[in-house]
Amino acid sequence: VFGKDSKAATGGSTLVNAKPGDANAVPGFQRLSAGEQALLTRAGATNADLGTIVYLGNVVEPTGVVAPGQKITVKHYWQVKTPPGGQWRVFSHLRGPGNDFQNVDATDMRFGHPPGKWLAGQIIEDVQDFALKAEWRAGTAQLIIGLYTKGKHQIADRMKVIAGPRS
């Protein structure tokens with residue numbers, strides 16, 4: 001799994017699910033604990049198949065109601081079946097009923113270990129820290145995540161979900 005780790009050599013990313021000596025391993029080797037694996041399964045298992053990759057799901061903290069201005073951490077998990085290639089970028093948008101919108105694309109993984117560097121068999125952890133903007137008016141927010149073709153920004157330019165949940 002690639003995620004935040006200041007010891008890692010890949011722009012703040014660490015491979016967690018490899019065995020020492022694996023070709024995919026990087027400095028800062030560690031493993032997801034059984035508790036972390038169980039939390040992912042309970043909290044946000046999705047298993048949305050996008051063909052070359054699977055969005056396994058996420059873990060969100062804090063749980064429950066979040067007020068505007070409050071910090072939110074979302075840990076996304078991607079499983080790489082076949083490397084998607086350098087033309088793809090991960091996006092995250094918050095949308096609320098009406099016109100509320102917040103782009104929350106920036107993460108360490110997206111800069112240090114983007115989809116063009118992903119290898120078959122990896123599980124990627126993408127840790128997102130952000131605050132719901134203070135001027136958020138809607139009573140709810142939906143986090144939309146996926147991959148889009150670099151330089152294109154239409155819904156049709158997104159990687160298609162071929163099996164599993166669509167959001």
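Two aromatic rings, taken from Phe, Tyr or the six-membered ring of Trp, count as a pair if their centres lie within 6.5 Å. In this predicted model, Y55, W78 and W118 come together as one aromatic cluster. Three aromatic pairs turn up when the whole structure is searched. One of them joins W78 to W118 in a tilted arrangement, with 6.1 Å from centre to centre and 40° between the planes. This pair bridges distant parts of the chain, 40 residues apart: W78 belongs to strand β3, whereas W118 sits in the loop between α2 (108-112) and β6 (123-131).

Are these two tryptophans buried or exposed? The threshold for burial is under 20% relative accessible area. W78 has a relative accessibility of 1%, so W78 counts as buried; W118 is likewise at 1% and therefore counts as buried.

In soluble globular proteins, nonpolar side chains tend to be buried together. Here the largest nonpolar core comprises 14 residues, and W78 and W118 are listed with L50, I53 and L147 as the members with the most contacts inside this core. At least two core residues come from each of the strands β2 (53-61), β3 (71-80) and β4 (88-95).

Leaving aside residues up to four places away in sequence, L147 touches I53 and W78, the run W88, R89, V90 and F91, then P115, and finally D157, R158 and M159.

Terms used:
Residues are numbered from 1 along each chain as its sequence is written. This is a predicted model: local features need pLDDT of at least 70, side-chain atom pairs count only at pLDDT 80 or more; totals for chains, interfaces and linings use all residues. Side-chain values use heavy atoms; hydrogens and water are left out. A nonpolar core is a set of buried Ala, Val, Leu, Ile, Met, Phe, Trp, Tyr and Cys residues joined through side-chain atoms within 4.5 Å. Buried means under 20% relative accessible area, exposed over 50%, partly exposed in between (1.4 Å probe, protein chains only). Helices (H or I, at least four residues) and strands (E, at least two) are DSSP runs, numbered from the N terminus. Contact means heavy atoms within 4.5 Å. Rings of Phe, Tyr and Trp (its six-membered ring) pair if their centres lie within 6.5 Å; planes under 30 degrees apart count as stacked, over 60 as edge-to-face and the rest as tilted.
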